[in-house]
Amino acid sequence: MAEVRLRVNGADHPLDIQPQVSLLDALREHLGLTGTKKGCDQGACGACTVLADGERINSCLALAVQYEGAEITTIEGIDHPLQAAFVRHDGFQCGYCTSGQICSAVGMLAEHKEGMPSAVTGQGSGSHLSGAEIRERMSGNLCRCGAYNGIVEAIQEVAG
Amino acid sequence: MTQTLPETTTTRESVVGKPVDRVDGTAKTTGEARFTAEFSHPDLTHAALVHATVSRGRITAIDTSAASAVPGVVTVLTHHNAPALKSPRKVTPTDLSTMASGTSVNYLNTDEVHWDGQPIAVVVAESALAAREAAALVRVTYETAESTVDFTAEEPAAKPQKNNLVMQGSAKKGDAEAAFTAAPVKVDRRFTTPPLHHNAIEPHATLAVWDGDRLTVHDATQSIDWLRSHLALRFGIPTRSVRVIAPFVGGGFGGKGFIWAGTILTALAARATGRPVRLVLTRESVYRTVGGRTPSTQRVALGARTDGTLTSLIHTSVTRLGRVGGTPEAVTSQSKHLYAAENILVRQNLVELDLVSNAAMRAPGEAIGTFALEASIDELAYELGMDPIELRMHNEPERNPIDGKQFARRHLREAYRVGAERFGWADRTPEPRSMRDGRWLVGMGVASAFHPSMLFVANVVVRLSVDGTVLVHCGLQEMGMGSATVQAQVAADALGVPVESVRVEYGDSTLPMAPGAGGSMQTASVANSLLAACEKLERKLTKLGRSPQESPAAVLAREGLPSLEVSVGSDTRLGRMAGQLRFMSKFLMDQRRWMKAALGAHFCEVRVDPDTGEVRVSRWTASFDVGRVLNAKTATSQLKGGIVMGIGMALAEQTLIDPRNGRIMNPSLAEYHVPVHADIPPIDITYLDEPDPTMPLGLVGIGEVSITGVAGAIANAIHHATGKRIRDLPITLDKLL
Ligand code: FES
Ligand code: FES
């Protein structure tokens with residue numbers, strides 16, 4: 001067992017867990033924060049996306065013990081215009097990928113603001129966050145319901 | 001619940017058809033919506049599955065000592081120590097829930113192995129981590145038997161599928177073979193499609209709790225009612241002793257329609273240990289224990305006169321079943337209805353393999369059948385030197401081609417006209433490789449979409465309260481279709497109350513029985529009963545002397561009544577059976593009278609890299625004839641969702657099965673490629689909104705139609721771009737080089 005103090009959504013949580021417990025399982029199973037979803041547990045779907053010090057990560061690929069001292073934000077700690085925009089643009093159907101999409105989008109908007117390029121940057125889009133830019137940057141978040149159009153529209157609306 | 005003051009008047013605008021936001025939007029965007037794996041219970045234990053590693057044989061020894069020694073392990077269940085389970089029953093038409101079983105295997109009650117991946121042991125532990133670790137330590141010895149697992153090798157030995165009441169294995173009109181031989185213009189092609197998996201992002205999960213002989217399960221299911229009956233049957237307890245709870249389901253697409261090993265084994269493990277058990281399948285376990293879409297080989301032969309008139313349409317298919325179960329896919333279904341061919345022959349053939357049963361996946365049959373048919377029509381158009389839309393319109397039938405039945409509604413011509421205009425089809429130059437955008441070869445293709453429409457029995461209770469709120473009780477399931485939202489719209493219009501005052505409670509077997517979310521029939525079926533219930537309520541209000549200007553709540557207030565309740569259908573055993581028989585007979589009569597279907601026209605533009613063969617879908621317009629649309633927002637999303645899945649099927653998706661041992665080689669989302677954001681352009685959806693006169697409110701189901709035709713449209717566009725006809729899905733870049 002390992003003692004770890006996780007800071008999640010502004011609150012401290014001391015935990016006594018096995019060192020191999022993922023951040024995702026720590027959130028869902030130990031802290032009861034089930035808003036973060038598990039779709040594959042192997043880094044392939046993005047359903048488990050959370051923010052660690054503002055950066056988006058796949059929490060299923062992160063060990064909880066490595067995140068002591070980091071500021072973790074899960075969907076439960078997010079209060080962002082994206083959420084209402086997702087509803088307006090119907091950026092989901094079943095809702096299972098949605099927490100991950102929203103957390104990922106929050107992180108992505110910050111990355112873009114900082115000038116971080118993507119694979120399509122420079123192909124005529126300039127600094128504007130075009131649809132192609134959003135699609136490229138959000139491609140780590142799968143949506144099997146196929147709500148991609150609504151998600152992109154929601155992000156575009158909020159990005160302005 | 002939204003509290004609303006009683007209104008005094010009832011004149012209000014209709015909300016049916018409006019883009020009403022989903023009622024569960026906030027829950028799903030804040031992480032509040034709870035899915036199956038997120039329910040807990042005091043004293044909860046966790047389970048993990050052990051899968052067989054041979055495709056056929058028997059277990060001769062199973063060593064669980066190392067697994068049992070893992071700290072936290074409660075028990076390791078195998079066929080040696082698992083409680084007895086009753087075998088799944090044979091399918092009977094009077095009780096459709098007998099169709100529910102994913103396979104015929106009596107898990108952990110047999111030493112026989114029927115497919116590579118069959119669960120043969122379950123570990124129960126204090127944590128999921130311990131269960132997972134212990135499962136890896138179970139050592140199994142087998143006596144293997146010979147198995148057949150290779151679809152391509154077995155496919156020539158396929159046997160004809162028999163006809164039954166609900167599904168035809170073959171049908172014909174005239175002499176299609178002779179007409180084909182005599183036809184001056186013809187194409188005769190062979191197509192293949194690979195096995196596919198649903199890959200809902202939520203993995204299957206179950207939480208089972210026994211209280212004496214009463215069983216409660218939370219389950220990621222598309223079929224609350226079937227699951228309840230099936231569990232009662234397997235555990236030998238009355239149906240009323242089983243409760244199934246499934247408020248939110250994270251996508252299904254057919255994969256959660258039947259009852260698979262994980263669900264049964266969770267309940268069994270809870271029975272054996274006397275403790276609540278939760279099992280969340282790993283992604284790999286989903287692939288190994290839940291069936292997917294069958295692969296197919298298909299032949300389409302078309303004969304035509306030089307003016308484009310189809311004289312012969314032949315469509316045959318081979319698909320597979322598991323030796324332990326599965327349902328035939330209606331691969332040739334659309335070929336009986338889409339074209340006015342003078343002679344038609346369709347025939348479906350089957351092989352049985354030592355693999356897990358196949359399972360219905362979004363538009364089972366039509367999704368892959370339209371690929372072959374619509375690609376062949378395109379080939380014929382090129383043979384004839386005709387525009388592919390013109391060829392289709394030339395053969396657009398007045399009556400159902402195979403049997404001359406009347407169409408309940410058919411506006412495919414109009415759908416094509418509207419779609420072509422929005423898409424800009426007129427700008428297309430027909431010659432292959434004639435359109436370019438810089439380096440990219442540009443291609444445009446069309447295809448028709450088709451899915452039959454059905455209704456089934458649904459029970460509802462509606463309660464109107466004096467505060468003006470309306471409560472609808474129905475055990476329907478919501479996996480993203482927006483069911484609760486659209487039914488609230490239906491009730492609001494029917495009763496003349498604001499949509500915000502209607503609340504729909506669903507997702508629980510204690511509520512009146514509803515059909516499963518499958519076959520694109522839940523919405524219409526529930527709406528049908530809901531409308532009947534609202535009419536009943538109106539009649540009661542009329543009896544209470546409701547004046548035209550009086551709101552429903554005002555009547556209750558005046559009469560001093562706290563609420564008024566009506567129900568449609570009965571949930572007693574007899575009531576359910578009667579309901580099922582009534583619907584069966586109505587269904588058959590209806591089928592004899594009308595041909596009902598959802599229809600559409602897909603227009604797609606692709607860009608192909610001439611050097612690498614990379615295909616990008618750059619534009620999409622789809623124009624649908626799907627009766628009356630209940631909610632512009634959720635319907636558009638659902639129609640788009642099918643197209644997205646179809647794009648995956650056309651260009652990337654395939655489950656790879658080792659032909660030597662039947663093992664799935666890519667059981668993960670990293671190796672089975674579903675479409676990602678970057679693969680999907682903005683999709684333009686339009687629908688005619690012409691009500692179907694034979695359906696409640698004029699609506700037909702829309703959950704499946706949009707995936708049909710997608711792969712055909714893409715294959716046709718790729719041919720237009722490159723001059724190459726690829727008849728084997730998925731159209732990966734190696735096939736274009
Ligand atoms: S659950 Fe973490 S990426 Fe899929
Ligand atoms: S909304 Fe269902 S997976 Fe995205």
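Which residues form the covered face of strand β23 (residues 563-568) of chain B, and which form the uncovered one?

Analyst: This is a predicted model, in which local features need pLDDT of at least 70 and side-chain atom pairs count only at pLDDT 80 or more, while totals for chains, interfaces and linings use all residues. Residues are numbered from 1 along each chain as its sequence is written, chains are lettered from A and ligands numbered from 1 in the order in which they are written, and side-chain values use heavy atoms, with hydrogens and water left out.

The covered face of β23(B) consists of Leu564(B), Val566(B) and Val568(B). Ser563(B), Glu565(B) and Ser567(B) make up the uncovered face. In a regular strand the side chains alternate between the two faces of the sheet. Strands (E, at least two residues) and helices (H or I, at least four) are DSSP runs, numbered from the N terminus.

Strand β20 (residues 460-465) of chain B runs antiparallel to β23(B), and six bridges join them; two strands pair if DSSP finds at least two bridges between them. One of the covered residues, Val566(B), is the bridge partner of Val462(B).

The C-alpha trace of chain B spans about 80 × 75 × 50 Å along its principal axes. Among contacts (heavy atoms within 4.5 Å) in chain B between residues at least 6 apart in sequence, 82% join residues at least 24 apart.

Methods: Buried < 20%, exposed > 50% of the residue type's maximum accessible area, 1.4 Å probe, protein only.
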